[in-house]
Amino acid sequence: MAVEDLAEKDVDFMELTRTQKRQRLLMMMSGAFAIFFTGFPHVWSIYQPYVMEQAGWSQGQASMCFYLALSAFVFGNIIGGRIQDQYDPRIAAFIGGGVFTAGILLSAFLIIPSPVPIYLTYGVMQGFGQGMIYTTIISTAQKWFPGRTGFASGVVITANGLCGFFLAPVSRTLLEAGGPKLAFLVIGSAVAVSWILYSIFLSLPDPLWRKKEEERLAAGQGNHTELNQKQYTASEMMRTRSFYLLLATMLFGLLSYFMLSPVSQTYQIEMGIPVSAAVSAVMFGSVMNAGTRLLLPTLADKAGRSICIKGVLAVSVAAMLVLSTAHSYAVTAAIIVMYGCYGGIMGSFPSFTSSVFGLEHAGENYGFVMFGIVIATFGAPAVTGFITGNGYGMQAVFAVGVISALTALICMMLLGRELKRIDGSQDLAAKKEVQRDGTGNDEKTVRAGR
């Protein structure tokens with residue numbers, strides 16, 4: 001038997017033990033449970049009227065809670081990613097969970113005339129803590145599934161998409177029963193339970209097993225491994241053209257959704273669509289959002305991440321075009337589709353970022369890519385306000401959404417060309433290295449597929 005066959009046989013038999021498989025399962029389950037609560041800011045619109053009535057805040061003061069939480073979330077991703085890269089993911093997750101839990105529980109006692117204290121707790125503390133656990137759990141999950149990083153991140157991110165579907169009715173019941181204080185205390189207690197569970201079960205895979213698994217994938221199907229891929233640090237990443245194209249793709253891809261989301265129900269009613277159908281569209285949209293967070297990244301593991309994201313963006317262009325021109329139930333269908341596109345982008349980008357810049361610093365790197373979400377979140381209401389303030393209707397806003405989605409698709413195509421150029425340069429360098437070695441061994445040419 002050849003030496004290469006023996007090596008490959010050894011690699012094939014490097015499997016997870018029963019204990020390690022149970023460890024991976026418990027990590028994924030507790031991680032998904034924790035990620036579920038990171039969607040809590042997206043049900044703030046349900047809390048907002050109650051808080052405004054109790055504290056006497058204006059609409060603008062109350063809305064700031066959501067924007068602060070989202071902004072702090074991105075910075076939490078960056079800091080949490082740096083801590084897990086330099087020290088241990090359990091440290092980042094434990095600190096982040098504690099900050100998140102404290103932020104929610106303290107908010108229960110701070111619904112007072114001045115909004116500043118709750119800006120710090122619900123806004124900054126909640127968002128920052130969520131970001132720390134979000135990036136840590138996702139990057140850890142990806143490391144347990146070499147060659148299936150899309151599936152790994154998709155599973156836990158799906159939980160985030162389901163948060164609004166389940167917590168919205170729960171929150172309404174709690175708010176009606178005891179107001180914001182009761183709701184914050186109950187939700188905060190549930191967050192504390194999730195914090196304890198994933199602090200116990202969060203763990204990294206055995207480095208030797210991971211290395212062997214990556215080698216096996218490289219030998220069998222090299223397009224599914226990051227084995228010899230350059231592992232970019234955040235500073236190295238931000239000196240590449242690929243980073244800015246990826247950031248722009250996320251920004252413009254999400255901008256059209258954020259233009260639609262706040263008016264998705266009221267716009268349908270204005271078009272003469274029955275209220276029941278409009279409400280059902282938002283509910284079905286939430287299901288689509290959660291479903292594509294899992295299905296698209298899993299499909300991307302097989303078909304390629306770039307082609308799947310391009311497909312989602314092309315569908316976004318078509319859906320926004322329908323919204324900008326139609327006056328029938330086609331509007332309802334397009335809204336459901338846009339929810340699915342949003343989930344597809346949010347589910348695919350963590351693993352896609354890892355495939356471009358490597359897994360070792362994935363947490364911090366994805367945190368910087370997520371600045372696209374912040375810009376889109378603040379940019380969408382600004383664009384909408386500017387257009388409607390000049391006497392145009394929502395169809396004009398959606399027409400700009402078409403341009404935004406098309407811009408994202410173009411950026412993605414340019415990114416694909418850039419990645420091919422980089423791969424070509426790496427091929428040439430590897431061939432020269434082989435020629436210098438004189439060994440004929442082309443193992444160095446294996447690289448990650450996208």
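I looked up the ring cluster: ring pairs link Phe40, Trp44, Tyr47, Tyr122 and Phe184. I counted rings of Phe, Tyr and Trp (its six-membered ring) as paired if their centres lie within 6.5 Å; planes under 30 degrees apart are stacked, over 60 edge-to-face, the rest tilted.

I worked on a predicted model, where local features need pLDDT of at least 70, side-chain atom pairs count only at pLDDT 80 or more, and totals for chains, interfaces and linings use all residues. Residues are numbered from 1 along each chain as its sequence is written, and side-chain values use heavy atoms, with hydrogens and water left out.

I then took the total: the structure holds 25 aromatic pairs. I checked phenylalanine 66 and tyrosine 67: the ring centres are 5.5 Å apart and the planes stand at 70°, so this pair is edge-to-face. Phenylalanine 66 is buried at 18% relative accessibility. Tyrosine 67 is partly exposed at 22%. My cut-offs were under 20% relative accessible area for buried, over 50% for exposed and in between for partly exposed (1.4 Å probe, protein chains only).

Next I took tyrosine 267 and phenylalanine 398. Their ring centres lie 5.0 Å apart with planes at 85°, so I logged the pair as edge-to-face. The pair links distant parts of the chain, 131 residues apart: tyrosine 267 is in helix 11 (residues 264–270), phenylalanine 398 in helix 17 (residues 394–437). Helices here are DSSP runs (H or I, at least four residues), numbered from the N terminus. Both tyrosine 267 and phenylalanine 398 are buried.

Last, I looked for charges over rings (NZ of Lys or CZ of Arg within 6 Å of the ring centre and within 35 degrees of the ring normal). Arginine 24 has its charged end over the ring of phenylalanine 145, 4.5 Å from the centre. Lysine 230 has its charged end over the ring of tyrosine 232, 5.2 Å from the centre.

Definitions and conventions: Helix = DSSP H or I, 4+ residues; strand = E, 2+ residues; numbered from the N terminus.
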